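Have the sequence and the 3D view open while you read.

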There are 2 protein chains.
Amino acid sequence: GIVARCKTRTVGGDNESVYRQIVETIQCALDKAEIGRDGLEAVGIAVPGPIDLDRGVVLDTPNVGISNFPLVDRLSGELGCAVLLENDVNAGLWGEYVAGAAKGMRNVVGIFPGTGIGGGLILDGKLYRGKSGAAGEIGHITVQTDGRRCGCGNHGCLETVASKTAIARDLVLLAMNGQSKVLAEAGATDIRLIKSGLIAKALEAGEPAVAAVVAQAARFLGVGMAAMVNTFDPEMVVIGGGLVEKVGSHITDIAVSTMRERAMPRIVADVAVATAALGDDAVVVGAADLTRR
Amino acid sequence: GIVARCKTRTVGGDNESVYRQIVETIQCALDKAEIGRDGLEAVGIAVPGPIDLDRGVVLDTPNVGISNFPLVDRLSGELGCAVLLENDVNAGLWGEYVAGAAKGMRNVVGIFPGTGIGGGLILDGKLYRGKSGAAGEIGHITVQTDGRRCGCGNHGCLETVASKTAIARDLVLLAMNGQSKVLAEAGATDIRLIKSGLIAKALEAGEPAVAAVVAQAARFLGVGMAAMVNTFDPEMVVIGGGLVEKVGSHITDIAVSTMRERAMPRIVADVAVATAALGDDAVVVGAADLTRR
């Protein structure tokens, strides 16, 4: 179980300054748990971005500001214990698998709409990573062959139409043109101000234009889920992330019904869908469990 | 190695008549190999359609006419040896993996455009089947969310735009409206007359309208391949099937260049693409090897 928690919002910067914040956060958790560094058996650490698992290197983290950094070597040197590095989506899905929504399943597809759309795969009871640890980029399957250009260079990727960013892009217009009072009052013509909580507030106020934008994204999410069901024949699809936690059934109802309409009947009939159960704890629990193994 | 071959074109009919043809074909191969039934160690059999692996039952074969048939029980009773049932796409991909184009790889996506689009997955060195043996339905990932209705009930499935059937659907029009002499002379306004060999002949004659139809399908195939590369991070994608054997680079050049343009650069950079090397033998070699294991 979890014996102590410490949470720090990363202040962007260079590798060294982010690294110091990581060490301080670990120290803070140790202090709260009243454990010395010599009482530490191992550290599991999950980062939002691609990693080199074999070398223990963080390759890139667009939202944290650490890149090409040998985090495992540095941390294990400083703390004097084993350190395991994992991608945050994989760690979170693994947490749901060992202690949350996907307990007892063997084949699980995890899909996490946020800034982009994260994806994770548990196949035959194991985390599937592919040749270079990059597997599960579900946000970059094409659902509209001649759709919008994506940050990855492709066109019509799932995340161009079903991520929180895609929703926010459409909502700024509603903030401007008067179709959403809630968004206008929040000054949310600036896309950076459209957070999951604000989207939830506009939905709860019953604004139909906002509901239509979210419904369209949810439908595309269901199209992507159907593709994954047909590809993986899984026991369960787990949907999670901050947006899903905040708006819940406003997204999941349409996503799941679209998935059931569009996936192959004989495959989808007995596929369960669950929302992630552990919240932020999933990543911590998953990283710790992967480290123990 | 292969010591004898016997090939029979199935004459459609009921379960029993198809079953008799299977037994006769096995007997024919035994006769050619000069082996009696008591010299038979095991039989591996692959069928074009969904199976129940655990119960050894052929669930459905749209083009053969056998369904809900306990093939493993019947054959092992009749031949007095172990029988393994597999799906033909899985068996063929496994054959390429143990003895053909994908030898030495660990993660392989197989894609086989034909009447539909077959797909197979070798992940971490094993055939991946999913919860019910139905995994790998790559033909039914959506590439056009509001595209044509597919036989499966979904809209805009990859196979509605990239299968041999999708190509044939567009070519009948060219046979009628005079844009393809080769097709018109073959009387190919009837979609059933458009075979892979005839498509190859029209392409070799340099007919631009035919080339454009094939190029469009090849582009969509590349879109699907890119989605699979982003999802699986594989070492290799194998493309095969009768159409690819007949028209080769007319499809693979555009499919591969589209895949490389559209998949995530860091994932696709070191993905190899190969055309299936063993032809029809892949299925036989794969079924035999799976049976031995």
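Before the angles, a word on what they refer to: axes are lines fitted to C-alpha atoms, for helices over the stretch in contact, and angles run from 0 to 180 degrees between N-to-C directions. Keep in mind that this is a predicted model. Two packed helices are described by the angle between their axes and the distance between the axes.

Start with α8(B) and helix α10 (residues 249–262) of chain B, whose axes come within 7 Å and cross at roughly 40 degrees. On the α8(B) side the contact includes V214(B), A218(B), L221(B), M225(B) and V229(B), and on the α10(B) side I251(B), I254(B), V256(B) and M259(B) are among the residues involved. Sorted by class, the contact of α8(B) with α10(B) has 13 nonpolar, 4 polar and 2 charged residues.

Now look at the other partner of α8(B). The axes of helix α7 (residues 196–204) of chain B and helix α8 (residues 208–232) of chain B come within 8 Å, crossing at roughly 125 degrees. That makes α7(B) oblique to α8(B), and the crossing is left-handed. From α7(B), the residues I199(B), A202(B) and L203(B) meet V210(B), A211(B) and V214(B) of α8(B). The residues of this contact of α7(B) with α8(B) split into 6 nonpolar, no polar and no charged. V214(B) turns up here and also in the contact of α8(B) with α10(B).

## Helix packing in chain A

Over in chain A, helix α7 (residues 196–204) and α8(A) have axes that come within 8 Å and cross at roughly 125 degrees. That makes α7(A) oblique to α8(A), with a left-handed crossing.

Which residues make the contact between α7(A) and α8(A)? I199(A), A202(A) and L203(A) in α7(A) meet V210(A), A211(A) and V214(A) in α8(A). By class, the contact of α7(A) with α8(A) holds 6 nonpolar residues, no polar and no charged.

A215(A) is also in helix α8 of chain A. With a relative accessibility of 23%, A215(A) counts as partly exposed. A215(A) and G44(A) are 171 residues apart in sequence, and their C-alpha atoms are 37 Å apart in space.

## Aromatic pairs

A pair of aromatic rings is described by the distance of the centres and the angle of the planes. The count comes to 7 aromatic pairs over all chains. One of them is Y19(A) with F69(A), a tilted pair at 5.5 Å centre to centre with 50 degrees between the planes. This pair links distant parts of the chain, 50 residues apart: Y19(A) is in helix α1 (residues 15–33) of chain A, and F69(A) is in the loop between β3 (57–58) and α2 (71–79) of chain A. Are these two residues buried or exposed? Both Y19(A) and F69(A) are buried.

Next, a pair that involves two chains. The ring centres of F232(A) and Y128(B) are 6.2 Å apart and the planes are at 70 degrees, so the pair is edge-to-face. F232(A) is in helix α8 (residues 208–232) of chain A, while Y128(B) is in the loop between β7 (126–127) and α4 (159–162) of chain B, so to speak a pair that crosses between chains. F232(A) and Y128(B) are both buried. Ring pairs also link Y128(A), F232(A), Y128(B) and F232(B) into a cluster.

## Leaving aside neighbours within four places in sequence, G65(A) is in contact with G13(A), D14(A), N15(A) and V18(A). The C-alpha atoms of G65(A) and M225(A), 160 residues apart along the chain, are separated by 31 Å.

Two residues other than glycine have a positive phi: E34(A), near 55 degrees, and D233(B), near 50 degrees. E34(A) is in the loop between α1 and β1 (42–47) of chain A and is exposed, with a relative accessible area of 73%. D233(B), in the loop between α8 and β8 (236–239) of chain B, counts as buried at 0% relative accessibility.

How values were computed. Residues numbered from 1 in each chain as written. Chains lettered and ligands numbered in written order. Predicted model: local features only at pLDDT ≥ 70, side-chain atom pairs only at ≥ 80, totals over all residues. Heavy atoms only, no water. Helix = DSSP H or I, 4+ residues; strand = E, 2+ residues; numbered from the N terminus. Parallel < 35°, antiparallel > 145°, perpendicular 65-115°, else oblique. Left-handed = near helix turned anticlockwise from the far one by under 90°. Contact = heavy atoms within 4.5 Å. Nonpolar A, V, L, I, M, F, W, Y, C, P; charged D, E, K, R; others polar. Phe/Tyr/Trp six-rings, centres within 6.5 Å; stacked < 30°, edge-to-face > 60°. Buried < 20%, exposed > 50% of the residue type's maximum accessible area, 1.4 Å probe, protein only.
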